[in-house]
Amino acid sequence: MAKSDVKLLGAWPSPFVNRVQIALNLKSVDYEFQEEKFDNKSELLLKSNPVHKKVPVLIHNDKPICESLIIVQYLDEVWTSGPSILPSDPYDRATARFWAAYVDDKWFPLLKELRTTEGEEAKAEISKKLKEGLVLLEEAFIKCSKGKGFFGGERIGYLDIVFGSFLGWLKAVEKIAGLKLVGELVTPGLAAWAERFCSHEAVKGVIPETDRLVELAKIIQARLKAQSAPK
Amino acid sequence: MAEELILLNIWASPFGMRVRIALAEKGVDGYETREENLQNMSPLLLQMNPVHKKIPVLIHNGRPVCESLIIVQYIDEVWKRGSPLLPSDPYRRAHARFWADYVDKKLYSLGKLIWLTTGEAAAKEELIGCFKLLEGELGDKTYFGGDSFGFVDVSLISFYRWFNVFEHFGNFSMVVECPKLVAWAHRCAERESVSKCLPNEQEFFDFVVELRKKAMTK
């Protein structure tokens with residue numbers, strides 16, 4: 001398929017964009033990447049996603065697809081010759097979708113909150129909830145992987161991509177907050193999985209370096225403080 | 001194989017209604033419904049949905065499926081009878097998923113701002129805006145799915161009884177603001193799968209009024 005048939009509107013630090021990039025890599029799809037600026041969205045983005053005005057947006061043969069989880073499922077359904085992303089069994093699919101929704105709706109918002117929280121007590125409270133979530137995900141990993149290396153079994157699947165795309169920010173927030181969330185003691189399965197996932201060829205080079213994200217977080221924090229500072 | 005199907009639900013829940021409509025569309029009626037009470041959850045609910053402790057939960061041969069839209073997709077994938085709820089074309093599927101997701105992201109939380117408070121103008125404008133956007137997406141089609149009743153129809157029609165709650169507490173008229181959407185809702189309500197799952201209009205309204213009283217006195 002010609003490169004210009006597939007275009008991804010994205011932003012390098014967005015884990016939601018990263019997950020689409022990983023899926024595209026898994027399917028060996030050639031695509032054009034357009035970097036969007038948060039405070040200066042392109043005409044194409046506003047036209048392609050008028051409802052949410054957000055990245056990622058996949059444009060395939062001039063037709064836009066929005067929302068990262070929907071895009072990943074779309075890729076899986078169109079590029080059927082590549083490795084499958086979602087499991088084939090309906091119950092396993094429902095399980096993968098359940099945990100993807102949990103990660104997106106419950107777990108990641110806590111991580112974002114921790115990134116900007118100050119004060120040891122407040123940080124401790126949020127990190128406790130995050131760790132509880134990680135214990136749930138560790139159990140899910142054991143059930144879904146069935147003794148193999150990934151949530152998807154022997155190969156990377158939907159839940160690997162969805163949760164794995166947050167690993168960059170997870171490491172960055174650990175550094176910013178000065179604490180460890182994933183570790184060999186409490187979540188050994190996840191700790192080993194994280195290494196395996198990040199070194200997978202479809203993932204390498206997609207998830208940004210931890211230090212780069214830490215720097216970006218500092219810039220964002222400074223900007224927010226400047227905006228809300230008394231004049 | 002003898003199939004065991006149990007639905008943990010609450011009669012007034014729009015989310016539970018989605019599951020019931022989907023099962024009805026597939027001609028699946030040999031299942032047990034257990035009425036839950038969120039103030040006093042059954043051990044089965046706590047065991048089957050320990051993460052969220054919410055309904056609906058569909059227990060199929062002992063295995064739980066949670067989250068209404070995930071359950072609806074599961075039903076669509078397991079029971080192949082009748083016309084599929086999701087289209088077969090990947091682009092149209094993505095489109096349907098997008099709009100069902102939009103309903104989930106916006107309607108319930110915006111709606112709450114209307115009926116749980118004392119008339120916030122901004123929330124009302126946003127909710128009406130939401131309905132108008134959905135009406136635009138419907139266009140002149142019979143259903144959101146086109147000629148066949150589908151995924152987006154199921155996700156939105158489950159909020160039908162909420163329409164006059166929003167109208168009442170938001171002080172506006174749905175038929176004035178989005179007549180095509182109201183016509184669509186009536187069409188859906190004529191389907192057997194929907195009409196048998198809709199709670200009684202007055203009973204539902206009284207239930208919300210009670211909830212509102214309790215919430216506002218806290």
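A residue is called buried when its relative accessible area is under 20%. By that cut-off, B:Y160, B:R161, B:W162, B:F163, B:V165, B:F166, B:F169 and B:G170 are buried in helix α7 of chain B. The model examined here is a predicted one. Helix α7 of chain B spans residues 160-170, and because eight of its eleven residues are buried, the helix is largely enclosed by the rest of the structure. After the helix comes B:N171, which has a positive phi, near 60 degrees.

The contact between the two chains was examined next. Chain A contributes 23 residues to the contact and chain B contributes 24. About 2200 Å² is buried between the two chains, and carbon and sulfur atoms account for 70% of that area. Five salt bridges are counted between chain A and chain B. In one salt bridge, the side chain of B:R97 meets that of A:E77, with an N to O distance of 3.0 Å.

Residues of both chains also take part in the lining of the second largest pocket. The volume of this pocket is about 840 Å³. Its lining consists of 36 residues, and those nearest the pocket centre are A:Y91, A:T95, A:W99, A:K143 and A:C144. From chain A, helices α4 (90-116), α5 (120-145) and α6 (158-164) each supply at least two lining residues, as do α2 (43-48) and β4 (63-66) from chain B. Helix α4 of chain A gives the largest share, seven residues. By residue class, the lining is made up of 21 nonpolar, nine polar and six charged residues.

Strand β4 of chain B contains B:C66. This cysteine is buried, its relative accessible area being 6%. Beyond its neighbours within four places in sequence, B:C66 is in contact with B:M48, B:N49, B:P56, B:V57 and B:I71, and also with A:F98 of the other chain. Between B:C66 and B:V182 there are 116 residues in sequence and 30 Å in space, taken from C-alpha to C-alpha.

One of the residues in contact with B:C66, B:P56, takes part in a cis peptide bond with B:I55, where omega is about 5 degrees. B:P56 is located in the loop that runs between α2 and β3 (57-60) of chain B. In chain A, the peptide bond from A:V55 to A:P56 is cis as well, with omega near 0 degrees. A:P56 is found in the loop between α2 (43-48) and β3 (57-60) of chain A.

Most peptide bonds are trans, and most residues other than glycine have a negative phi. Against this background, the backbone at two further positions was noted. B:K53, not a glycine, has a positive phi of about 55 degrees. B:K53 sits in the loop between α2 and β3 of chain B, and with a relative accessibility of 40% it is partly exposed. A:D62 is not a glycine either, and its phi is positive at about 70 degrees. A:D62 is exposed, with a relative accessible area of 75%.

Helix α6 includes A:I161, which is buried with a relative accessible area of 0%. Leaving out neighbours within four places in sequence, the contacts of A:I161 are A:R19, A:I22, A:A23, A:L26, A:I85, A:I156 and A:F197. A:I161 and A:N18 stand 143 residues apart in sequence, yet the distance from C-alpha to C-alpha is 8.8 Å.

A:F197, in contact with A:I161, belongs to helix α8 of chain A, residues 188-198, and is buried there. The other buried residues of this helix include A:G189, A:L190, A:A191, A:W193 and A:A194. The elements covering the buried residues of α8 include α1 (15-26), α5, α6 and α7 (167-177) of chain A. An α-helix has 3.6 residues a turn, so residues three or four places apart point the same way. In helix α8 of chain A, A:G189 and A:W193 are among the buried residues, as are A:L190 and A:A194.

Conventions: Residues numbered from 1 in each chain as written. Chains lettered and ligands numbered in written order. Predicted model: local features only at pLDDT ≥ 70, side-chain atom pairs only at ≥ 80, totals over all residues. Heavy atoms only, no water. Buried < 20%, exposed > 50% of the residue type's maximum accessible area, 1.4 Å probe, protein only. Helix = DSSP H or I, 4+ residues; strand = E, 2+ residues; numbered from the N terminus. 1 Å grid on protein atoms, 1.4 Å probe; cavity = no way out; pocket = protein on both sides within 12 Å on 5 of 7 lines; lining within 4 Å. Points joined across faces, edges and corners; volume = space filled by probe spheres on them. Nonpolar A, V, L, I, M, F, W, Y, C, P; charged D, E, K, R; others polar. Contact = heavy atoms within 4.5 Å. Buried area = accessible area lost by both parts, 1.4 Å probe. Salt bridge = Lys/Arg side-chain N within 4 Å of Asp/Glu carboxyl O.
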